[in-house]
Amino acid sequence: MVEEEAKLGTKDIRSFSSKDSPHGLTYGAWTVRWWKWCFSIPREINPTLDETGVHAAERQTPPTWFMAGTWVSEKRSYPHRRCTIPMGVSILFPLINCEENPLEYPHLKTKSAMSNRLTYDMSTVRNLQCHVDGEEILPQRVQSDPEFFKIEMRADMSENKRSGTTLMTTDGYWVFLEPLAKGTHHIKFEGSYQYGRLYSGAIYDLTVS
């Protein structure tokens, strides 16, 4: 469905492979950091819900800049975000990613139940596309490392409005770009699951300075 090796674009656009360890961490460990970043930010300024890019810099720390798609929706309509990022940072974002945890989904009472549900959700993924400055970049399928990890959930970002520490497992299709050249870059990506019924994606105009 999707090749496991990243497609390298022009000399200025390169992406990490799922086998790489960017900045000394596994790719899967970076996805765990992305999830913790995502759920740590209040809903009113959360980058996943931002239409313009005004909140893109929330809680960013080098050497990796986290970008967000959107929460899945039946509408195939994506925000157009504009933001400035520093030179020298790599960029990590999901085309589509799935997570399971018993706080939001109480019927998932065991690790086995969480894993089975995650496997099913990932089997329904479709429509993966990513372009950076017009170059196609193939996403990498990456599971969280470790497979199960603890995360603090905010009530305003939780599916059932519950907060607290919970166990989570995740899987998804990601792009992890090496630092982009100084200047303006256009990034567009999307993915879907439930056999193309629910979509996530975004359009970014990035200024690297």
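**Reading burial, bridges and strands**

Modeller: Let's start with R117, which is partly exposed at a relative accessible area of 34%. "Partly exposed" sits between buried, under 20% relative accessible area, and exposed, over 50% (1.4 Å probe, protein chains only). One caution: this is a predicted model, where local features need pLDDT of at least 70, side-chain atom pairs count only at pLDDT 80 or more, and totals for chains, interfaces and linings use all residues. Residues are numbered from 1 along each chain as its sequence is written, and side-chain values use heavy atoms, with hydrogens and water left out.

Biologist: Okay, which residue does R117 meet in a salt bridge?

Modeller: A salt bridge here puts a side-chain nitrogen of Lys or Arg within 4 Å of a carboxyl oxygen of Asp or Glu. R117 has D121 as its partner, at 3.4 Å from N to O. Both belong to helix 2 (residues 111–123) and sit four residues apart, about one turn of the helix. D121 counts as buried, with 6% relative accessibility.

Biologist: How many salt bridges does the structure hold?

Modeller: Six. One of them joins R82 and D205, whose closest N and O atoms are 3.7 Å apart. R82 lies in strand 2 (residues 80–85) and D205 in strand 10 (residues 198–208), so the pair ties together parts that are 123 residues apart in sequence. R82 counts as exposed, at 51% relative accessibility. There's also D156 with R154, at 2.9 Å from N to O. D156 is partly exposed at 21%, and R154 is partly exposed at 29%.

Biologist: Zooming out, how many helices and strands does the chain have?

Modeller: Helices (H or I, at least four residues) and strands (E, at least two) are DSSP runs, numbered from the N terminus. This chain has two helices and ten strands, in the order α-β-β-β-α-β-β-β-β-β-β-β from the N terminus. Its radius of gyration is 16 Å, close to the 17 Å that the globule rule gives for 209 residues, so the chain is as compact as a globular protein of that length. That radius is taken over C-alpha atoms, and the rule is 2.2 Å times the number of residues to the power 0.38. Buried residues account for 51% of the 209.

Biologist: Strand 3 keeps coming up. In which sense does strand 3 pair with strand 1?

Modeller: Two strands pair if DSSP finds at least two bridges between them. Strand 1 (residues 64–66) pairs with strand 3 in the parallel sense, over three bridges, with T64 standing opposite S90. Strand 3 and strand 8 (residues 164–177) run antiparallel and are joined by nine bridges; there, E100 has T169 as its bridge partner.

Biologist: How many residues of strand 3 are buried?

Modeller: Strand 3 spans residues 90–100, and eleven of its eleven residues are buried.
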